[in-house]
Amino acid sequence: MAQASQANVDASNSQIRVEHDKKGRQFFIRLNGSNDRAVLLYEYVGRKTVDLQHTEVPDAYRGRGIAKHLAKAAMDFVMEEDLKAHLTCWYIQKYVKENPHPQCFIHSSQ
């Protein structure tokens, strides 16, 4: 079940709620109250290092900035928990390039 850790953000006049399931190691957004979900998966690869591995948004919801909300929530988590990030996911690499986070060490896989 999802932990109480949540981030609320506005996106084009609609409320998007990013939920953080710490046990399942994922951030997710429920889409239109349906079973569809956008997800960002991560794993701990060390005591204080997380690998942001994969972001997925269902085809019908792509191009609406949903992945950006997942990426922001994940990077906020990295900074709040004083973690280091390893970026396996190409989208997270792109997000960090466009929205630098100098306070955390980031390693991109290419």
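Reader: Which residue in β5 is the bridge partner of Y44?
Author: The bridge partner of Y44 in β5 is V50, where strands are DSSP runs of E with at least two residues, helices are runs of H or I with at least four, and both are numbered from the N terminus. This is a predicted model, in which local features need pLDDT of at least 70 and side-chain atom pairs count only at pLDDT 80 or more, while totals for chains, interfaces and linings use all residues. Residues are numbered from 1 along each chain as its sequence is written, and side-chain values use heavy atoms, with hydrogens and water left out.
Reader: ok, and how many bridges join β4 to β5?
Author: Seven bridges join β4 (residues 37-46) to β5 (residues 49-56), and these strands run antiparallel; a hairpin of two residues links them.
Reader: What does V50 stand opposite in β6?
Author: V50 stands opposite A85 in β6, and β5 and β6 (residues 84-87) run parallel, joined by four bridges.
Reader: Switching topic, which residues touch the most other members of the largest nonpolar core?
Author: They are F27, I29, L52, I66 and I92, out of 29 residues in that core, a core being a set of buried Ala, Val, Leu, Ile, Met, Phe, Trp, Tyr and Cys residues joined through side-chain atoms within 4.5 Å, with buried meaning under 20% relative accessible area (1.4 Å probe, protein chains only).
Reader: And which element supplies the largest share of this core?
Author: That is α1, with nine residues.

Key: Two strands pair if DSSP finds at least two bridges between them. Buried means under 20% relative accessible area, exposed over 50%, partly exposed in between (1.4 Å probe, protein chains only).
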